[in-house]
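Welcome, and please open the model in your viewer with side chains displayed. We will walk through a few charged pairs, one stop at a time.

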Amino acid sequence: MNFSKILHRFTVTPSLPRELAGLQRIAYNLWWCWEPDAIELFTRLDPELWRETRHNPVEMLGILQQTTLEVLKADEGFISHLAMVEDKLKEYLAAKTWYSKLHREDDGFRVAYFSMEFGLHESLPIYSGGLGILAGDHLKSASDLGLPLVGVGLLYRQGYFRQYLNIEGWQQEFYPENDFYNLPLHLERKPDGTPLLLDLDLAGNRVRVQIWRAQVGRIPLYLLDTNLEENALDDRNITTRLYGGDQEMRIRQEILLSIGGVRALHLLGITPHVCHMNEGHAAFLSLERTRLLMEERKLKFSEAIEAVRAGTVFTTHTPVEAGIDHFPSDLLDKYLGRYYRSLGLSREEFISLGRQNPRNPHETFCMAVLALKLTGHANGVSELHGQVSRKMWKNVWPDLPEEHLPLTSITNGVHNKTWLSREMARLLIRYLGTRWLEDPTDASVWRRVSRIPDTELWRTHKHGREHLVDYARKRLKDQLCQVGATAKEIAVADEVLDPDIFTIGFARRFATYKRGTLLLHDLERLSRIVNDPTRPVQIVFAGKAHPADHQGKELIRQIVQLSHQERFRHRIVFLEDYDMSVARHLVQGVDVWLNTPLRPLEASGTSGMKVAFNGGLNMSVLDGWWCEGYRGNNGWAIGKGEVYDDLEYQNEVESRAIYDLLEKEIVPLFYDRGSDGIPRGWIACMKASLMSLCPTFSTDRMVQQYSETFYFTAFEQWQKLNENDSALAKDMARWKEKMHRLWHHVRIEQVEAEMSQDILAGSKIPLRAKIFVDEIPLEELAVDAYYGVLDSRGSIIGGELIPLSPSAPDGAGAHYFSGELDCRFCGRHGFMLRVMPKHPVQGPIYEPSLLLWG
C-alpha cells in the first residue's frame, strides 16, 4: 500500500514566546546572512546547534527546547540584542537607497533576474559554485541599492551534491534532502490559503508547479518546485538535482526556469519590463514573453519580438562553446514542437534561432546563440572575457567587425558585506567611517586605508588567519573521524597548520583547466619552500569536481595523498565539502590567494576579489578579472599573459614562475619584519590592494553598471516600442520586412578618395561614394567609412566609423554620399565603405544580410 496517498498532512512551526517572535521575522529574511549582529544573535541561541544546522536559523528555532526559549525570554541582554537587530532590519527596509534617490516616482520599472542557481548562504544549498554565488551577490546588492528587481530560479530537493573523501582521498558524493519547511522559504498561496500553482506542458504532460519565495532583503526570489504528488515521477524529478541528469532533464529544467518562470511571475501579478538571463539556461524566456505579448496585444511574432528583444539582457559566463548547452532537434521537437508552432514559427525558423549559421543543417541548437539573437543587450563578465566572447560568437553577426559586435563586458564583483570578516569590517569603520558600507564604489573613501596603522591592520588580518587554522583543524578532525581514521591520525589534525605561518589558499571547482595541482609540479622544490626552517609556508586546498569529471577527482586525490606524506603532513590540508562557509573562512584568513587557470578560460573569477576585501593578496595568471585588477604593487602576476601551444611546456614554465615568485619575492616580503614584528613592505601591498580593488570589484558597482548600461535603456526601449498599442514595434517589423524585400537592389557603384600614396599627419582625405539606393529613402540608409590602422595581414584593427552624408543625386536610383577621413596617426591605414539600413526612429539597425561592404 502507498501510505503517502492516505496521509493527512500538516505543518508544525516553532512555538516562540511573544518576546522572541522577532527571531522568526529575522530568520525568514536572508538579510541576516550579511548582517554580523544578526548572525551573532542566532549564534547566541546555541553555538553548537548553530554549527550542526549549517547556520540555518529556521531549522534551529524548530529544534530549540522550550526550556531554552524560556531562559532566553528572561535574558535582558539577549532581548536587548534581539530588539537592536529587529530595529536594524526595519531601518534597512525603510532607508533611502541609490535607486530611490535616482527615481522619485514609481514608473513601473522592474527587472526579473533568471538564474539556474543562487548562492545566498550555505543553509540554502541550491548552488554549485561561482555562477550561483555571483547570482546571490547580485540579488544582495540589488537589495542594498533598492533596485526594483525579482529573482527567478528552481528549488532543488537535493541541490548540488555534498562531498566527502574516502581514506584514499577519492571524492564521494551524497545528496541529502532539503526540507523546504525548515528553510527560510515561504510557499506562495492564494487568498484562501491553498498553494498557488501553475501548469506547464512538457511533451504533452501537464506538470504542476508550486512557487516558493526566499526574501533577500528587499528582493523576493521566486523558486519553482515540481515535487508534487499529482505529477508523474519523472516530472517530480525535474527539481531534484542541480546539474544532474542527461540532456533531456536539462531541457526540461530550462523550460521550467524560463517559460515556467515567466508564467509564475504573471500568476503573481508581476510584469517585469526587463528580463536578465544569467547564462543561456533561461533563453526560452524570450519566446514566452513574445507569446504573451502576441496574445495580449494581438501581435505577430515579428512585431512582438522587437519589444521583447529590446527589454532583454543576457550575460554569458562561459569562455568555451563546449560549456554551453546544445540540444538536438529531436528533443526540441518533443518538448517545444507545439509551442513554436503556436508562435507562428516553422520548424526551420525556430531551429535557426539557435544556430550561428541558420542554413547549416548540421549545427546543433545552442542556448547561448538563442539568447544572443533574442536580446538587445549582451555582455561577458570581464574585459578579457568580452573579447573572448566576441571571437566565440562573431558568426552570429557575420558581417560586422569584431570590435563592433553588440556584445560588451561588465566585470563581476562580490557583495562585500557577505564576505568581509567582522574584525576587518570594524577596522574599516574605525578609520574609513561608514560611507564605504553605503557606497563601496567611492574610491576617495577607500584611499583612507592609508591612515590605518600598520600594527592594527596586521593584527586584524592575523586574527583571520588564526580563525582559519582553528576552523581547518576542526574540519580535518571531522573528516578523519568520518572515514574511520586511527586515533593517532586524528590527533595529528590538532597540529596541522600554524597560525603564524604564511598561508596560501586555493579553492575552486576542480575542473582540469583550473590546474589545481600546478603548485605540485616539482615536489622537491615545493618541499623546500613549505619546510624552510626560517620562512615556512602552508597551503589550504578545497573544492569539488563534477561527479562525472574523473580527471578532476584525480587531481583532488593527488592533493589529499600528498597531504598524508610526512614532509607535507603539517603544511598542506584539503578541506572537504567546499561551500560558502568554507569559502568565507578561507577568503578571510589566507595571506595569498592562488589562481592558476589556463588563459583565457577563466571568464572572470570572484574568489580573489573576496580575499582583497579582507586584506589578502592575489597571485594569479593574468586571466579574467585579474587582468584589470593587477597594478604591480597590489599582488603578483604569474607570467605576462602568454598562451603556449604545448600544455606541458606551459605548466612547466608557469609552475617555475610560481616557485620563483614565492622564493624570491612573496615569502621574503612576508617575513621581512621590523623590530616590532610588523612586515611593513607586506602591509604596503595590502593597503595598495584594498585601495585599488575594493572600490571597483564590488557587486554594488556591477549592479549599478548593469542598471545604467542596460536596465534603464532596456526599460525605455520597451516602453517606446509598446506605447500606443505597440505602434513602434509594428512599424519596426513592417520596416524590416520592407528592407529585406528591397535590400538586394542596393549596391556600392563607386568609391572616390582624393589622396596621394603618402599623406601628412593632420591631413583630411575627402571621400565620395556612389550608392544605388533604388526605392529606399536616403534618410533610411546609414553610409559610413570604416577606417583605421592596418595589421600585418592588411586588416583594419580597432577601426572607427566616419559617417558620410547624402550630397547629390546621380541618375535614376543612385545617389552620392560624401565625408572626410581625419589622418590623426602615422602608419599604414585603410578604409572600407559600410552601408546599412537606418530606421527613422531607432537609427541604424543591423540585420543579417542587410549590410554591404565595399
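For this tour, a residue is buried under 20% relative accessible area, exposed over 50%, and partly exposed in between, using a 1.4 Å probe and protein chains only. By that scale aspartate 201 is partly exposed, with a relative accessible area of 39%.

Before you go further: the model is predicted, so local features need pLDDT of at least 70 and side-chain atom pairs count only at pLDDT 80 or more, while totals for chains, interfaces and linings use all residues. Residues are numbered from 1 along each chain as its sequence is written, and side-chain values use heavy atoms, with hydrogens and water left out.

Helices (H or I, at least four residues) and strands (E, at least two) are DSSP runs, numbered from the N terminus. Arginine 338 counts as exposed, at 55% relative accessibility.

**Second stop: helix H28**

Now select arginine 656 and glutamate 652. They form a salt bridge whose closest N and O atoms are 2.7 Å apart. Both belong to helix H28 (residues 647-671), where their spacing of 4 residues separates them by about one helical turn. Glutamate 652 is partly exposed, at 28% relative accessible area.

Next, pick lysine 764 and aspartate 822, whose side chains meet in a salt bridge of 3.5 Å, N to O. The pair links distant parts of the chain, with lysine 764 in strand S22 (residues 764-772) and aspartate 822 in strand S25 (residues 814-822), 58 residues apart. Lysine 764 is partly exposed at 48%, and aspartate 822 is partly exposed at 26%.

Select Glu35, Asp37, Glu40, Lys88 and Arg422 together: salt bridges link them in a network. Across the whole structure, a search finds 60 salt bridges.

**Last stop: arginine 252**

Is arginine 252 buried or exposed? At 7% relative accessibility, arginine 252 counts as buried. Find it in helix H10 (residues 247-267). Beyond its neighbours within four places in sequence, arginine 252 is in contact (heavy atoms within 4.5 Å) with Asp234, Asp235, Ile238 and Tyr335.

How values were computed:
A salt bridge is a side-chain nitrogen of Lys or Arg within 4 Å of a carboxyl oxygen of Asp or Glu.
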